[in-house]
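Q: I have this one open on my screen and would like to go through it. Can we start with how the chains meet?

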Amino acid sequence: MGIFFFIPLLIVLAVSFASRGTDGGVEWTFSLTNYAHLADPLYFRIYGRSIALALATTALCLLLGFPLAYSIARAPIRWQGIWLLLVMIPFWTNFLVRTYAWMFILRTEGLMNTLLINLGVMTQPIELLYSDWAILIGLVYGYLPFMVLPLYAATERLDLSVVEAAWDLYATGWSVFWRVILPLTKPGVIAGCILVFIPSLGAFITPDLLGGAKTMMVGNLIQHEYLVMRDWPLGSAISFSLMALVLLAVMAYFKTDGRLDRLERGV
Amino acid sequence: MVNNHQMHTSRNRKWLAAFLCVASLSACQPTAEDGLKKGRTLYYFTWSDYVSPDLIAEFERQASAKVVVDTFSSNEELLAKLQGGATGYDVAAPSDFMVSIMVRQGLLAELALEKIPNATLLAERLQRLPFDPDNRYSIPYLWGTVGIGYDSNVISPPPESWTVLWDPRFKGRISMLNDQREVFGVALRVIGQSLNSRDPTVIGQAKAKLLSQKPLVKTYTSESYDQLLISGEVALAHGWGGAIARAMAERPSIKYVVPKEGGTIWADCLVVLKTSRNKDLAMRFINYLLDPVVAARTTNRLRFASSNRQAKALVDEQLRENPAVYPLDSTFDRLEWMADLGDAIRQYDRAWTELKMQ
Amino acid sequence: MNRGRIWLRSASLANLLFLYLPIAVLILFSFNASRLSATWQGGTFRWYLVLVEDQALLAAVHNSLVVAAVSTFLATVLGVSAAVGLERLPAGRRWTVEGALLLPLVIPEVMLGVALLLFFVMIKVPLSLVTVTIGHTVWNVPIVAVIVQARLQKLDSRLVEAALDLGATPWQAFRRVTLPLLTPAIIGAVLMAFTLSLDDFIVTFFTAGPGSTTLPLKVYSMIKSGVSPEINALSAMLVLISMALIGLSLLVQRQRH
C-alpha cells in the first residue's frame, strides 16, 4: 500500500518544481518560481484567514463533540453502537445535498429567519448566509463526526471510579472535567483535533456555497490552481508547503509529547 | 431479510443492521454491465444531464451497441483527466475554448464528416467558428449566451446595460458568476474593451471596476443563482441563459437580457477522442445527437439552443421565442467568443485573487 | 453529579438536533413539486417514482456502496496494523513514522487525486472501480490509524505482557487481548472510513475509469444544471432505511432480553 501512496507523492513533489505548460499540464523544466510565488503577501492573507477559520472550527467541534462523545461512551454498551450510527447516518447523504439544505436554512427567506421572526426574537430578517458565520456552521457540521468518533474511541471505558472519586474530591464539575476527564481523554482530543483541523483547512465547497465565494481559503486557492488555472505545478507547491507546515506542527507536538510521556513514566 | 436468530451477540446484530442498509439498497440494482448483449460499447464523457436516458436507449437499439455515460462538471476537469492519461472515452463534449486546447494537445481525432451528414445542417451563425473553422475536430452541439437574468417586478424599466450591476439601489440583490473570466468579461465590456484583453493596464482598470461593485454583490455563484432569482433574494443575476430560462419557468416575472455592450457566446461541441477504439460508432453517435428531432428534444429538456438549424422549428414555441434560449438576431454582433489566453491568464488570476481578498 | 448529567444529556440532544436539522429539510424537499428547491411548491411523490426508474443512478449507488465496503475493509486492516506496529516502535523514532503516516491526511484531496491518476497511468493500470477503491483505501488508512492509535495510547501495556507471560503467542495476545480492547476504536474507524468513502468526490473523479461512476460523481456533475430533487429522495430513503433497520434491530433485541 505504501507504494500507492509514496510514489504519487514523489510525482507531485517533482511536479511542484516543474512549470505550467501553456495549455495546462506540466513542462519538465526545473524551477523554484512556484515556491517563490508563495511568499506573496496576498497569499499570506489567505493562509492567515484559513488557519483562523480552521482553528475556530476545531474549537467548536471540540466544544460540541465532547459532551456527545462522552455521553455515548457512558451509555450502556448495547446502545453505544446505535448512538454512533445515529451520529453518522446524516453523513451518508451527499455532501452537496446537505450543504444545499443549510443554504435553505440560513438564507434571508429561510427557515432560521422565519423561525426567529415568528418567535418574536427579531423583526427584520438578518443575512445569515454568505458570511463567515455560515462558513463556520458548515465546517463544524461537516467535520463534527471527525471529532466525535476518536473522542468516543478514547473515552469508552474511561475508568469510572476515577471520575466518581473526583466528583467527591472536587467541588465543581468544571475542575473534574479539567483535571481528570480531559487528561484521561487527551489522545482522543488530539486525534480529533488533527482530523478536524486538517480537512477544514483544505475545504473549498463550503466557503464557496455558504460564504458566497467573496473571499478565498487555502482550499479554494489550491482547487483554483489545479482546476481553473490548470497550473498543477503551482497547485502542488502550495499543497506541499501547506503539508510541510501542518506536519511540522503535528510532529513537533508528538515529539514533545513523547518526551513528556517518558518523563511522567520516569524513564 | 436475513434471519436474526442465528446472530449471537447484540453487537453483531447492530453491525448486521448497518450492512443491511447497504445490502437492501444494492441488492435490487442491476449493474451497468447487464442488459445488452456483449457488443460494441461507446463511452461518452459529457456534462451531467446532457443526454436523456430515453435518447440513449433509442440509440442503443438503432446501433445495437451499448452507451456508457460519464459526467464532468467543468472543462478543466475534463482536460485534467484526459491530460493525466485517462483513456477509454470515445466521444466528449468540451466547450469552444477547450476544443482549441485539446486540438493543440493532440487529444482529438479528425472527424469523418461524410459519416455525420447532420453536420451539414449547422445553423449559419455557428459555421466557421474561430476555434475550429472547418469542423475538422469538433461540431457545435448546444450553445447559448451569458447575460443578466432579472426580476421585471423589481427592475424597471428593463436594463439595457451591464452598468445596472453597479446600481447602488440594488445593493445586496445582485449575484455574479463565480468564474474569473466571465466576471472580468463584464467589467471589460463596461469599459469598452474585449473580454479577451491581454493588456495589463486594461485588466487593472477592470479590477478597479469590480472592486467598486463588490460591496453590492450578495454572492458570487455559478450554481445557485437560478434558485436565488426564483426565491426573490436577488433581483439581478449574471448568468448563463439556460439556467435563467429554467428559473423563468418557475417565476414568470423573470426576464433575460444580453446588455448592449455585448456578452459571451459559448458552444459545447462534440468531439471524438484520439484514443477511441470505436471511431465509426462515435461518428454515428454524434450524427444521432445532431439529428433535428433528437436535438429538438434535447433543447426542450435542457433549454439550451441546438446548433441544428432544422431543430429550431421543432422546439417548443415559447423556448424558440425566448431570448435566454435562442439569442435575438439583434444581439449577435455584440457577442464575443472567449479565447484561451495562454500564459496571460496569470494576470486575470492575480487580479481575481486580489478582488476576492479585498 | 445530577446537574452534570442533565447538562450532558441536553448538550447531546442539542447536538443531534444540529446533525438532523438539514436532514429534516432535505427530506421535506424530497416531496417538493418544484424541480429547483428554492421555494415550496406543493407536495408530490414524483421524485420517488423517478428514482425507482433511474437505472443509471441506482447503478451509481451500487458502485458507491461496493467501493465503500471494500475500501473500508482494506483501510481498517491496514490502518489497525499500522497503528499497532507504530505503538511498538521506540518513542524516539515514533514521531517520524507517525508524521509520515499522517501525510495523506494533510495532502489536499485534489492533489492526491491527480497524483494517483498520474501514477496509475504511469504503471499502466487501467482506471476502473478497482483504482477508485485503491484511492479511497490510501486516503482512509491514516484516518483509521489516527483513531485507533488514540485508544492504544491509553491501553495498559501490562495486559499484553501478562498474556505473554501466561504463555500466549504474540498473535494470540493480539487477538485475545489487544483486539477486543480496541473494538470501540475500530468501530469508530470503520464508520468514519465508510462514510468518507461513500461521499468522496475528488479522489474518485480522478481515479474512476469509463463506466465506473459513483453517486457523488453523479451528484457533483449536476451542480451546473441544478441538483435534482431525485437526489433528495434518494438521501431521504437512505436515512429512513438506516433508521428502520436500527429500530428493527432494537426490537429484536428487546424481544430476546
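A: One term comes before that: two residues are in contact if their C-beta atoms, placed from the backbone, lie within 7 Å. Also keep in mind that this is a predicted model.

Q: Fine. How many residues does the contact take from chain A and from chain C?
A: The contact takes 73 residues from chain A and 71 residues from chain C.

Q: Which helices of chain A each supply at least two residues of the side that touches chain C?
A: Helix 1 (2–16), helix 3 (41–74), helix 4 (77–88), helix 5 (95–106), helix 7 (132–155), helix 9 (173–201), helix 11 (218–227) and helix 12 (232–265) of chain A. Helix 12 of chain A gives the largest share of that side, 14 residues.

Q: And what is that side of chain A like by class?
A: The side of chain A that touches chain C has 54 nonpolar, 13 polar and six charged residues.

Q: Now chain A against chain B. How many residues from each?
A: That contact takes 26 residues from chain A and 30 residues from chain B. On the side of chain A that touches chain B, the elements giving two or more residues are helix 3 and helix 4 of chain A. The largest share, four residues, is from helix 4 of chain A.

Q: How do the residues of that side divide?
A: Into 11 nonpolar, seven polar and eight charged on the side of chain A that touches chain B.

Q: Change of topic: what domains does the assignment give for chain B?
A: Domain 1 of chain B is 41–143 + 265–329, and domain 2 of chain B is 144–264 + 335–357. Taken over C-alpha atoms, the centres of domain 1 and domain 2 of chain B are separated by 27 Å.

Q: What does the contact take from each domain?
A: It takes 17 residues from domain 1 of chain B and 17 residues from domain 2 of chain B. Helix 4 (96–104) and strand 9 of chain B each supply at least two residues of the domain 1 side. Helix 4 of chain B has the largest share of that side, four residues.

Q: And the classes there?
A: The residues of the side of domain 1 of chain B that touches domain 2 of chain B divide into 13 nonpolar, two polar and two charged.

Q: Strand 9 of chain B came up. Is it mostly covered or exposed?
A: Strand 9 (residues 263–272) of chain B is mostly covered, with 10 of its 10 residues buried.

Q: Which strands does strand 9 of chain B pair with?
A: Strand 3 (residues 91–92) of chain B is one of them, running antiparallel to strand 9 of chain B and joined by two bridges. There, B:Ala92 has B:Val271 as its bridge partner. Strand 4 (residues 138–151) of chain B also pairs with strand 9 in the antiparallel sense, over seven bridges, and B:Ile139 stands opposite B:Leu270. With strand 11 (residues 335–337) of chain B the sense is parallel, over three bridges. In that pair B:Gly263 stands opposite B:Leu335.

Q: Last one, helix 8 of chain B. How many of its residues are buried?
A: Eight of the 10 residues of helix 8 (residues 241–250) of chain B are buried. Among them are B:Gly241, B:Ile244, B:Arg246 and B:Met248.

Q: What covers the buried residues of helix 8 of chain B?
A: The cover includes strand 4, helix 7 (225–231), strand 7 (236–240), strand 8 (254–257) and helix 10 (292–302) of chain B.

Technical notes:
Residues are numbered from 1 along each chain as its sequence is written. Chains are lettered from A and ligands numbered from 1 in the order in which they are written. This is a predicted model: local features need pLDDT of at least 70, side-chain atom pairs count only at pLDDT 80 or more; totals for chains, interfaces and linings use all residues. A residue is buried if 20 or more other C-beta atoms lie within 10 Å of its own, exposed if 12 or fewer, and partly exposed in between; C-beta atoms are placed from the backbone. Two strands pair if DSSP finds at least two bridges between them. Ala, Val, Leu, Ile, Met, Phe, Trp, Tyr, Cys and Pro count as nonpolar, Asp, Glu, Lys and Arg as charged, and the others, Gly among them, as polar. Domain bounds come from an automatic or database domain assignment.
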